[in-house]
Amino acid sequence: MTYQGLIHKYGHLLNLPSHSRTVSLLEGDTPLIKADNLSRHLGGDFELYIKYEGLNPTGSFKDRGMTAAVGEALGRGAKTVICASTGNTAASAAAYAARAGMKSIVLIPQGKVAAGKLAGSVAYGAQVIQIDGSFDDALTMVVEITNKHPIALVNSINPYRVEGQKTAAFEICDVLESAPDWLCLPVGNAGNITSYWAGFKQYDEIKSTGLPQVLGVQAAGAAPLVVGHSVDNPETVATAIRIGKPARGEQALQAAEESNGQIIAAADMQILEMQKMLATLEGIWVEPASAAGLAGLAQEIANGKLTMKGKRIVAVCTGHGLKDPDIITKDMPKPKIVPPQLDALEEIILG
Ligand code: AN7
């Protein structure tokens with residue numbers, strides 16, 4: 001049967017109210033790609049899979065939660081949705097609101113949102129507002145305004161976002177026919193790690209698929225869950241996870257603890273190096289934040305803290321590389337220019 005989106009496929013497993021409507025762009029059903037080249041590069045004694053979430057309709061995993069949250073908001077008669085965002089939530093909210101015939105308002109931290117995300121939000125017709133502050137300031141403001149006005153909040157403190165995002169765990173178990181041994185993923189506001197853990201636990205209860213150990217990875221300059229307190233001025237090249245006060249931080253720590261996993265930090269350099277490795281070794285280009293989970297995994301293997309021999313690992317790559325082209329082009333040597341003549345081309349290629 002043709003694929004009809006997440007709610008159609010997994011709606012019976014999601015805790016959504018009866019008034020919810022289906023607002024879908026056929027999100028989900030993303031590929032789980034075996035990454036043998038990268039696995040070999042990292043030591044080679046384990047099976048590595050990439051859950052390529054950048055292939056969702058707006059280019060990030062956020063679409064899974066947004067189909068559920070916007071569908072619920074529409075069903076209860078809301079006319080407008082709002083979110084604070086480092087970019088991907090904004091683009092996703094804007095697209096699903098457009099689909100539902102609703103208005104969207106997105107608050108983003110000034111100057112810190114990657115080009116493809118800002119462009120997406122504008123293209124889908126959102127009212128885009130820059131806050132002279134951080135994501136955390138923006139989130140505080142959307143909570144305040146939605147307490148006062150009938151505007152639907154679609155950040156991941158909205159429980160239906162978590163319901164929708166659980167489906168990624170279901171898909172992984174359906175493909176592998178069990179949970180992997182380890183799941184590694186980036187952690188920002190901690191909605192995704194919370195959702196995966198809830199999804200794996202639910203599937204294990206109904207299908208005995210087992211549970212993974214969860215490795216959550218923050219960027220070193222924005223690692224409140226690693227340092228143990230909120231970070232006032234988070235800084236990282238991985239702007240998607242430039243978050244100092246994660247809304248679901250407690251649940252992220254709980255997922256790590258219950259799964260016998262960990263939350264660790266990876267340096268910007270390692271994140272960028274992993275982004276490059278994934279693209280050049282596997283042909284999978286993700287935005288910097290999306291490489292954080294793998295960067296953390298590589299770090300733990302290299303320093304001998306985790307032994308992965310014989311294990312099956314899934315790395316969640318949350319957003320597409322096209323979201324943030326500037327990170328690649330800003331320091332690159334300009335491609336050579338040759339006249340449109342064969343001998344000139346031969347000289348460049350053959351030396
Ligand atoms: C590519 O868009 O918070 O831990 O406002 O865009 O669930 O927050 C984005 C987060 C990982 C972290 N990877 O997920 C937003 C926003 C990418 C992201 C995360 C984000 P959470």
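## Helix 8, a mostly covered helix

Let's start with helix 8, where eight of the ten residues are buried, so this helix counts as mostly covered. Buried here means under 20% relative accessible area, exposed means over 50%, and partly exposed is in between, using a 1.4 Å probe and protein chains only. The buried residues are Thr167, Ala168, Ala169, Phe170, Glu171, Ile172, Cys173 and Leu176. Helices (H or I, at least four residues) and strands (E, at least two) are DSSP runs, numbered from the N terminus.

A word on what you're looking at: this is a predicted model, in which local features need pLDDT of at least 70 and side-chain atom pairs count only at pLDDT 80 or more, while totals for chains, interfaces and linings use all residues. Residues are numbered from 1 along each chain as its sequence is written, and side-chain values use heavy atoms, with hydrogens and water left out.

## Two domains

The chain splits into domain 1 (6-59 + 163-329) and domain 2 (62-160), with bounds that come from an automatic or database domain assignment. Taken over C-alpha atoms, the centres of domain 1 and domain 2 are 22 Å apart. Where they touch, domain 1 brings 44 residues and domain 2 brings 34; contact means heavy atoms within 4.5 Å.

How much area do domain 1 and domain 2 bury between them? About 3200 Å², with 52% of it on carbon and sulfur atoms. Buried area is the accessible area (1.4 Å probe) that two parts lose on being put together, summed over both. On the domain 1 side, Val23, Thr58 and Lys323 lose the most area to domain 2, together 21% of what that side buries.

## What holds the interface's polar side

Between domain 1 and domain 2 there are 22 residue pairs in polar contact, both residues at pLDDT 80 or more. A polar contact is a pair of N or O atoms within 3.5 Å; within protein, one must be able to donate a hydrogen and the other to accept it, and residues adjacent in sequence count only if both atoms are side-chain atoms. Helix 1 (6-10), helix 7 (159-165) and helix 8 (167-176) each supply at least two residues of the domain 1 side that touches domain 2. That side divides into 13 nonpolar, 16 polar and 15 charged residues. For this tally, Ala, Val, Leu, Ile, Met, Phe, Trp, Tyr, Cys and Pro count as nonpolar, Asp, Glu, Lys and Arg as charged, and the others, Gly among them, as polar.

The interface of domain 1 and domain 2 also has four salt bridges. A salt bridge is a side-chain nitrogen of Lys or Arg within 4 Å of a carboxyl oxygen of Asp or Glu.

## Salt bridges around Arg64

Across the whole structure, the search turns up eleven salt bridges. Side chains of opposite charge can pair when their charged atoms come close. Arg64 takes part in a salt bridge with Glu53, at 2.6 Å from N to O. This pair links distant parts of the chain: Arg64 sits in helix 3 and Glu53 in the loop between strand 2 and helix 3, eleven residues apart. Arg64 also forms a salt bridge with Glu171, whose closest N and O atoms are 2.9 Å apart. Here the partners are 107 residues apart, with Arg64 in helix 3 and Glu171 in helix 8.

Are these residues buried or exposed? Arg64 is buried at 1% relative accessibility, Glu53 is buried at 1% as well, and Glu171 is buried at 7%. Lys51, Glu53, Arg64 and Glu171 are linked in a network of salt bridges. Leaving out residues up to four places away in sequence, Glu53 touches several residues, including Thr30, Phe61, Ala168, Tyr196 and Cys317.

## Other pairs and a buried strand residue

Lys117 and Glu287 form a salt bridge, with closest N and O atoms 2.7 Å apart. Another joins Asp36 and Lys34, at 3.2 Å between the closest N and O atoms. Asp36 is partly exposed at 35% relative accessibility, and Lys34 is partly exposed at 39%.

Finally, have a look at Gln218 in strand 8 (residues 213-219). Gln218 counts as buried because its relative accessibility is 0%. Beyond its neighbours within four places in sequence, Gln218 is in contact with residues including Val187, Gly188, Pro246, Ile263 and Ala266.
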